[in-house]
Amino acid sequence: MLLAGGQGSRLGVLTARMAKPAVSFGGKYRIIDFPLSNCINSGIDTVGVLTQYQPLRLNSHIGIGIPWDLDRNVGGVSVLPPYERMTHTEWYTGTANAIYQNMEYMESFHPDYVLILSGDHIYKMDYEQMLSFHKQEGADVTIAVMPVPHEEARRFGIMITDETERIVDFEEKPENPRSNLASMGIYIFSWEVLKKALTVNADQPGLDFGKHIIPWCRDNGNPLYAWRFEGYWKDVGTLTSYWEANMELIDIVPEFNLYEEYWKIYTKNQTEPPQYFGRDSHVERSIIGEGAEIYGSVENSVIGCGVMIGAGTSVRNSILMNDTVIGENCVLDKVISAEGVRIGNGVVMGVGEDRENESDPHIYRDGLVTLGEGSVIPDGVRIGKNVMIFGKTDLSDYPGGSLAGGRTLTKP
Amino acid sequence: MRELSQKRAVCAMPIAGFYRSIDFALSNMSNSHIQTVAVFTQYHAGSLNEHLSSSKWWDFGRKQGGLYTFTPTITAENGFWYRGTADAIAQNLRFLKECHEPYVIIASGDGVYKMDYNKVLDYHIDKGADITVVCKEVPDIHDAERFGTVRMNEEGRIEEFEEKPLVARLQTISCGIYVIRRRQLIELIEACDAEGRYDFVRDILIRYRGTKKIYGYKFDGYWRNIASVEDYFSTNMDFLDPEIRRYFFRTYPDVYTKVEDQPPAKYNLGVRVANSLVSSGCILNGAVEDSVIFKGTFVGNNCYIKNSILLNDIYVGDNTYIENCIVESHSTIQTNSYFKGEGEVRIVVENNERFVL
């Protein structure tokens with residue numbers, strides 16, 4: 001059961017029109033491709049995807065699951081939105097509540113075990129190994145955990161285990177963490193235990209795994225185990241961490257390797273045309289998606305499919321999602337451009353002093369310029385750091401031909 | 001096709017970085033809403049069968065119709081290979097008889113083009129033709145010598161048809177795409193087979209051109225045939241032209257192919273790419289100029305690749321120089337190598353150990 005209904009508000013304008021799991025990552029992928037590919041690579045061929053916030057993009061991306069080989073006669077992928085019922089109709093009010101509302105879906109497959117995932121992390125994990133551990137330890141619940149540095153442990157839900165990896169206690173974002181094993185939000189439940197825990201707690205408002213279900217299981221005496229994961233795992237919850245995780249992909253040998261033959265990441269693409277480089281183009285330390293046409297210069301960047309970069313334009317340290325079109329003689333530094341953005345000629349972005357963003361300083365920071373989906377930027381404007389632009393802008397939106405650092409500009 | 005055809009049928013030749021040549025005919029059929037497609041294979045069909053492993057890519061996995069592959073089989077009546085194009089159909093006539101579609105489109109898998117076959121069919125019906133042949137004007141008359149050449153009267157009826165003339169007199173060639181009524185085809189194939197004739201062009205088109213109404217349909221869009229190394233090379237290089245890229249990559253309808261889920265291409269420090277196409281899954285470290293690099297290729301440091309085609313999954317070791325070459329897929333080129341095609345395109349097949357332990 002893949003939880004994909006969250007907004008991911010800390011990604012700001014990137015999630016204005018799509019749920020966080022549908023946001024692009026690494027050029028051609030979307031975040032949900034990673035858990036979905038993990039599922040099929042781990043041999044899981046029955047996947048329910050729970051959607052709620054802005055599901056259109058997610059629905060059309062998943063379709064009947066062909067890219068992940070999840071178009072099956074038995075099982076396969078099912079998109080599960082909240083629905084109306086005779087009585088007690090409600091939205092998904094919490095992670096566990098969403099699962100509870102889809103009890104019937106799970107029941108129809110007569111499962112022995114249920115894997116609960118969230119659709120907003122970048123990692124490769126063999127869930128089968130976790131399940132073997134679960135069976136071997138005779139656990140009722142297994143929680144995937146990752147050792148984190150002690151000083152960072154207070155940002156996570158921390159699991160305290162005994163020497164057999166059985167969880168004896170846990171604490172949510174503790175001041176003085178007693179362990180450094182952070183919960184990754186990945187759970188395996190034995191079906192009967194999950195069913196009981198959900199049914200008993202059904203009336204709890206905002207029913208949540210971390211807050212309600214796991215504590216209930218502990219108090220009920222169910223054996224809870226922690227399964228350690230040592231590989232790459234990245235929460236791309238904020239714009240800065242999203243930008244960093246993308247940038248890590250362009251290292252000479254990236255820690256998160258997309259080029260492994262035996263754990264492919266699948267995504268929806270109907271065709272994969274090659275990318276073209278003009279005679280005077282320049283490219284260095286970048287990954288570039290299919291069908292891009294580069295006439296300018298690209299350095300340290302992650303470029304999506306079908307992106308056009310005009311002659312004389314220089315793009316550095318940026319993420320350009322699918323179908324962004326940039327004119328000639330522009331300079332872009334630390335720009336995150338969502339899909340289908342149009343940038344005119346001679347535009348300069350990411351210059352000047354580092355001024356705090358006026359509307360959401362906790363989101364638009366670290367010098368990033370963020371452009372919402374389908375935004376239009378007119379010719380010849382200068383745009384400062386920590387700026388957010390969303391909508392079809394024209395010259396009148398840029399007094400004196402520039403937009404100072406820290407500004408937020410939203411147009412219909 | 002020289003060494004290139006040692007490994008695969010021409011229909012499975014990779015094109016433009018990610019297609020295989022059969023994709024064009026199959027996509028045209030799919031986009032023309034043709035739902036029942038039979039592929040006749042014989043020569044070296046390994047790569048082709050692999051490519052046709054699922055009919056999903058071209059949207060043929062339907063309840064009505066589907067994608068059928070016919071290889072020669074031994075039956076109680078017949079133990080021959082396909083002795084010719086007409087014989088291939090004759091040996092599978094049962095399939096044709098059991099279909100209920102009124103018309104048949106016959107096309108070869110080595111053409112690079114986009115075509116709505118419905119337009120040809122409309123023309124065929126308008127003219128009341130027995131057979132319609134898609135024709136194209138070639139700019140250089142010597143090019144015509146590798147094809148069937150035709151002469152049409154002002155109505156479009158074909159009056160002369162010469163197969164691969166030694167010296168071409170006519171500048172209009174047949175593209176090897178035909179429209180014919182299904183029952184008419186069955187009748188002609190049966191007559192042909194009874195006389196021990198096996199070639200569709202020689203024994204049907206040419207032989208019947210006086211008695212049957214054979215019309216030519218002039219096509220003026222992009223059409224290339226890749227039956228020689230030079231044509232194969234220049235067809236791939238055509239995709240460096242922005243107009244041709246726009247036509248094939250960005251204009252409705254798409255040409256479909258088997259999706260291989262390659263990661264994005266990666267460009268490391270020291271790379272230089274000019275006027276080239278690079279496909280996904282490549283990792284480049286050296287310089288590439290005026291070239292087409294297919295999927296999953298690795299180019300080492302300090303390499304220089306010019307005016308060449310690198311097919312799928314090639315490893316190019318450091319300090320290598322390649323010019324005017326087609327490098328065969330899965331080749332492993334050792335460090336410090338030098339390959340240059342002098343006067344003509346050189347085909348490089350290097351089967352070295354890629355990873356030495």
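Modeller: Starting with chain A, 56% of its contacts with a separation of 6 or more are between residues 24 or more positions apart, a contact being heavy atoms within 4.5 Å.

Biologist: Before we go on, what sort of model is it, and how is everything numbered?

Modeller: It's a predicted model, where local features need pLDDT of at least 70 and side-chain atom pairs count only at pLDDT 80 or more, while totals for chains, interfaces and linings use all residues. Residues are numbered from 1 along each chain as its sequence is written, chains are lettered from A and ligands numbered from 1 in the order in which they are written, and side-chain values use heavy atoms, with hydrogens and water left out.

Biologist: OK. How many helices and strands has chain A?

Modeller: Chain A has eight helices and 33 strands. Those are DSSP runs numbered from the N terminus, with helices being H or I of at least four residues and strands being E of at least two.

Biologist: How much of chain A is buried?

Modeller: 58% of its 412 residues. Buried is under 20% relative accessible area, exposed is over 50% and partly exposed is in between, with a 1.4 Å probe and protein chains only.

Biologist: Now chain B, what does its secondary structure come to?

Modeller: Nine helices and 27 strands. For its 357 residues a compact globule would have a radius of gyration near 21 Å, and chain B agrees with that at 22 Å. Its C-alpha atoms fill a box of roughly 65 × 45 × 35 Å along the principal axes.

Biologist: Switching topic: which residue of chain B does the side chain of Glu290(A) make a polar contact with?



Modeller: With Ser280(B), side chain to side chain, at 3.2 Å. A polar contact is a pair of N or O atoms within 3.5 Å; within protein, one must be able to donate a hydrogen and the other to accept it, and residues adjacent in sequence count only if both atoms are side-chain atoms.

Biologist: Is Glu290(A) buried or exposed?

Modeller: Buried, because its relative accessible area is 3%. Glu290(A) sits in the loop between β16 (286-288) and β17 (293-294) of chain A. Beyond its neighbours within four places in sequence, its contacts include Lys28(A), Cys305(A) and, from chain B, Gln262(B) and Ser280(B).

Biologist: Where's the cis peptide bond?

Modeller: Between Tyr252(B) and Pro253(B), with omega near -5 degrees. Pro253(B) is in the loop between α9 (242-249) and β13 (265-267) of chain B. Most peptide bonds are trans, and most residues other than glycine have a negative phi.

Biologist: So what's phi for Gln54(A)?

Modeller: It's near 35 degrees, a positive value in a non-glycine residue. Gln54(A) lies in the loop between β4 (46-50) and α2 (56-62) of chain A, and is partly exposed at 33% relative accessible area. Asp323(A) has a positive phi too, near 65 degrees. You'll find Asp323(A) in the loop between β22 (319-320) and β23 (325-326) of chain A, partly exposed at 41%.

Biologist: What does Asp87(B) touch?

Modeller: Not counting residues up to four places away in sequence, Asp87(B) touches Trp81(B), Tyr82(B), Asp193(B) and Tyr198(B). It's in helix α3 (residues 85-90) of chain B and counts as buried, at 1% relative accessibility.

Biologist: Last one: where is Thr370(A)?

Modeller: In strand β28 (residues 369-371) of chain A. Thr370(A) counts as buried at 0% relative accessibility, and among the residues it touches are Val13(A), Leu239(A), Tyr364(A) and Ile389(A).

Definitions and conventions
The radius of gyration is taken over C-alpha atoms; the globule rule is 2.2 Å times the number of residues to the power 0.38.
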